[in-house]
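Please look over the chain that follows and keep it in view while you read.

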Amino acid sequence: MYAIILEEVSEQGRKRGNMQVTCDYESKYENGVEVTYIDIAGDYVPGIAVEIPGTGKRVLQIKCRKGLLLCGLFSPEKIDGIDFAACVFSAPEFSDMLMGKPLFVSSKAKEIGVTEEMSGREIAELFNGNGNGNRLEGGSE
């Protein structure tokens with residue numbers, strides 16, 4: 001179901017030319033879970049929001065190729081313990097996550113080149129292989 005949405009978003013993205021779409025583009029909401037495809041340097045990545053019943057709060061994550069952007073409900077100690085690239089943000093919405101700076105950067109994210117001074121969008125570009133020239137033509141990343 002979500003692959004079809006991604007295909008439709010990609011088609012619409014091409015039709016819109018150079019227009020920058022950051023969030024809330026072709027969202028799908030079902031049973032307290034929202035999937036929004038977010039434009040990260042021309043590539044669409046899933047932003048996943050899960051409603052916490054009875055609280056009015058949501059658990060957010062943006063999933064890129066090489067790492068995750070996570071909301072502040074995730075424990076930095078657990079993230080480093082699992083040993084994957086991730087950053088934690090104080091962000092009630094995806095747009096806040098993309099504009100803000102991380103509260104926590106995992107060791108793996110630092111190895112990829114993430115710093116605490118980067119915006120969420122810059123981190124997503126780096127995690128997705130689009131930041132700072134990390135996508136190599138004809139080679140591996």
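In which helix do E111 and K108 both lie, and how many residues apart are they? The helix is α4, which covers residues 107-112, and the two residues are 3 residues apart in it, about one turn of the helix. Keep in mind throughout that the model is predicted. The pair forms a salt bridge, with the closest N and O atoms of E111 and K108 being 3.6 Å apart. Side chains of opposite charge can pair when their charged atoms come close. E111 is exposed, because its relative accessible area is 60%, where exposed requires over 50%. K108, on the other hand, has a relative accessibility of 27% and therefore counts as partly exposed.

E34 is buried, because its relative accessible area is 14% and buried means under 20%. R58, with a relative accessible area of 24%, is therefore partly exposed.

The side chain of R58 also meets the side chain of E93 in a salt bridge, here with an N to O distance of 2.8 Å. This pair again links distant parts of the chain, for E93 sits in the loop between β6 (86-89) and α3 (94-99), while R58 is in strand β4, 35 residues away. E93 has a relative accessible area of 37% and so is partly exposed. What do the salt bridges that share partners make of E34, R58 and E93? They join E34, R58 and E93 into one network.

Rolling a probe the size of a water molecule over the atoms shows where empty space is left. The largest pocket found in this model holds about 200 Å³ of space. Among the residues that line the largest pocket are R58 and E93, together with others including G56, K57, C71, G72 and L73. F89, S90, A91 and P92 also belong to the lining of this pocket. Sorted by class, the lining has 5 nonpolar, 3 polar and 3 charged residues.

Read from the N terminus on, the elements run in the order α-β-β-β-β-β-α-β-α-β-α-α. The chain has 141 residues, and buried residues make up 38% of them. Of the contacts in the chain with a separation of 6 or more, 35% are between residues 24 or more positions apart.

A few single residues complete the tour. I112 is found in helix α4, the helix that also holds E111 and K108. The relative accessibility of I112 is 27%, and it therefore counts as partly exposed. Its C-alpha atom is separated by 7.8 Å from the C-alpha atom of L126, a residue 14 residues apart from I112 along the chain.

The last two residues concern the backbone. Most residues other than glycine have a negative phi, and most peptide bonds are trans. A41 lies in the loop between β2 and β3 (43-52), and it counts as partly exposed because its relative accessibility is 43%. D83 is not a glycine either, and it has a positive phi of about 65 degrees. D83 lies in the loop between α2 (76-82) and β6, and with 45% relative accessibility D83 counts as partly exposed.

Note on methods:
Residues numbered from 1 in each chain as written. Predicted model: local features only at pLDDT ≥ 70, side-chain atom pairs only at ≥ 80, totals over all residues. Heavy atoms only, no water. 1 Å grid on protein atoms, 1.4 Å probe; cavity = no way out; pocket = protein on both sides within 12 Å on 5 of 7 lines; lining within 4 Å. Points joined across faces, edges and corners; volume = space filled by probe spheres on them. Nonpolar A, V, L, I, M, F, W, Y, C, P; charged D, E, K, R; others polar. Buried < 20%, exposed > 50% of the residue type's maximum accessible area, 1.4 Å probe, protein only. Salt bridge = Lys/Arg side-chain N within 4 Å of Asp/Glu carboxyl O. Helix = DSSP H or I, 4+ residues; strand = E, 2+ residues; numbered from the N terminus. Contact = heavy atoms within 4.5 Å.
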